[in-house]
Amino acid sequence: MKNLQKGDKKLLNAWAFYDWANSVYTLTIASAVFPIFYEALFSDRDHYIDVFGLHLKNSALISFITAFAFLVVSFISPLLSGIADYVGNKKSFMKFFCYLGALSCMGLYWFDLDNIYVGLLFYFLGLLGYWGSLVFYNSYLPDIAFEEQQDRISAKGYSLGYIGSVILLIVNLAMIMKPKLFGITGTDGEAAMKAMRYSFIMVGVWWILFSQYTYYYLPKGSKETGQKLTKSVIFNGFKELKKVWALLQENIPLKRYLGGFFVSSMAVQTVMLVATYFGAQEIQWSSKEESTIGLIICILIIQLVAVVGAVLTSRASAKFGNIPTLIVINIIWAVFCALAFFITLPMHFYVMATVAGFVMGGIQALSRSTYSKLLPETEDTASFFSFYDVAEKIGIVIGMCVYGIIDQITGSPRAAIVILGIFFVTAIFLLRRVHKKDVSN
């Protein structure tokens, strides 16, 4: 395939289509079907299992595995970004992590408590594959799109990912609700579990299949001739992070903002990752079937409302400014966590899912754009955003560990939700130290 020119419409569409391919992982595996499946495995075990020489609660265990995965990702991301900048075969790296993640999703078909270590390994590698492929996927953007095209094509990728992931989730939901219509046999409970296992395979197949369109058009790398991989190149990413850290000492508004972002993101990302586990354990569903269907419907509600939330947040920031809007969103999140401590009924959970989707849709995009506006005059924006991404992932590690430890000690995630609320309150005070005039609108 002859390389297309930078800015070519076909090339841009092919790049954006990778979101369609990989977003099924975040929705089906990270948010919806796998958490429900994982929780169902423990229905006769009182939520506890002996693993790694410890007696751990299931939701605490998955929190620790998730935290460890993000810790590894936060370490290898600078390594990978350094390699991506200098080596001319970044598409090969992207493919490797894509296939690692997709095949690991398919491996979850065999996840069971008798072979818990193998199952957890597949879960860990799925996370690693997804986030590892994103390092190279994101690094392609300045290579294939001109600056004036980047916002539009990035948004298109997000939209494609949303549509594709929701389509597959609806199919999976139909399989779980009516497994016999899809030729899945067994008792109602057994057939539903089989349908969930099949959905993991479907995620892997979808991811690999649709990514081929992207790979067909993407160039080999930004430097087709390639460069020799040296020790200096490998650790270049860490050098860039160190340089950004030094520059932050001179840019007080950006430094203050990053503090607020770090604490806020820590809480937001943790809520997003544990919401389904919380709903499965703490909400008084009338039956397992209602629990399964109700939780997936909540995820769909969040996805739909998030789009509206993103639009309204964008308009609010244009009128009132980024920092005031972020403060209000964090206030809503803090109230959300306080109320979540008391919810017990399915209707409560549906309402909370609607609120979560509304504020979730805007806070991530607004946080990133605010960071961009606070950056100093520089052509090296990649290093600053690499620092941003690593900070976000370290925040997830801390948030998941805090959640897991409290869940393990108390036996309930409700106290952990309160702690996350305290994080949001802390973020509010930190963001108040950033002056509105420092952020251009």
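This is a predicted model: local features need pLDDT of at least 70, side-chain atom pairs count only at pLDDT 80 or more; totals for chains, interfaces and linings use all residues.

Author: Contact here means heavy atoms within 4.5 Å.

Val73 belongs to helix α3, which covers residues 58-86. Its relative accessible area is 2%. Buried means under 20% relative accessible area, so Val73 is buried. Setting aside residues up to four places away in sequence, Val73 touches Leu128, Trp131 and Lys393. Another residue to look at from here is Tyr130: 57 residues separate Val73 and Tyr130 in sequence, while their C-alpha atoms are 9.9 Å apart in space.

Arg256 sits in helix α11. With a relative accessible area of 28%, Arg256 is partly exposed, whereas Val73 is buried. When neighbours within four places in sequence are left aside, Arg256 is in contact with Leu430, Arg433, Val434 and His435. The C-alpha atoms of Arg256 and Leu431 are 7.2 Å apart, and the two residues are 175 apart in sequence.

Helix α11 spans residues 252-282 and also gives two or more residues to the lining of a pocket, which is treated next. This second largest pocket has a volume of about 740 Å³. It is lined by 29 residues, and those closest to its centre are Ala40, Lys288, Glu289, Ser291 and Thr292. Besides α11, the elements that give two or more residues to the lining are α2 (33-41), α7 (147-177), α8 (188-217) and α12 (288-320). By type, the lining holds 14 nonpolar, seven polar and eight charged residues.

The chain as a whole gives the setting for these parts. It has 16 helices and two strands. Its radius of gyration is 22 Å, close to the 22 Å that the globule rule gives for 441 residues, so the chain is as compact as a globular protein of that length. Along the principal axes, the C-alpha trace spans about 60 × 50 × 45 Å. Of the 441 residues, 54% count as buried, and Val73 is buried too. Among contacts between residues at least 6 apart in sequence, 83% join residues at least 24 apart. The accessible surface of the chain comes to about 19,500 Å², and carbon and sulfur atoms account for 65% of it.

Notes: Residues are numbered from 1 along each chain as its sequence is written. Side-chain values use heavy atoms; hydrogens and water are left out. On a 1 Å grid over the protein atoms alone, a cavity is a set of points where a 1.4 Å probe fits but cannot get out, and a pocket is an open set with protein on both sides within 12 Å along at least five of seven lines; lining residues have an atom within 4 Å of a point. Grid points are joined across faces, edges and corners, and a volume is the space filled by probe spheres set on the points. Helices (H or I, at least four residues) and strands (E, at least two) are DSSP runs, numbered from the N terminus. Ala, Val, Leu, Ile, Met, Phe, Trp, Tyr, Cys and Pro count as nonpolar, Asp, Glu, Lys and Arg as charged, and the others, Gly among them, as polar. Buried means under 20% relative accessible area, exposed over 50%, partly exposed in between (1.4 Å probe, protein chains only). The radius of gyration is taken over C-alpha atoms; the globule rule is 2.2 Å times the number of residues to the power 0.38. Accessible areas come from the Shrake-Rupley method with a 1.4 Å probe; for residues, only the protein chains shown count as cover.
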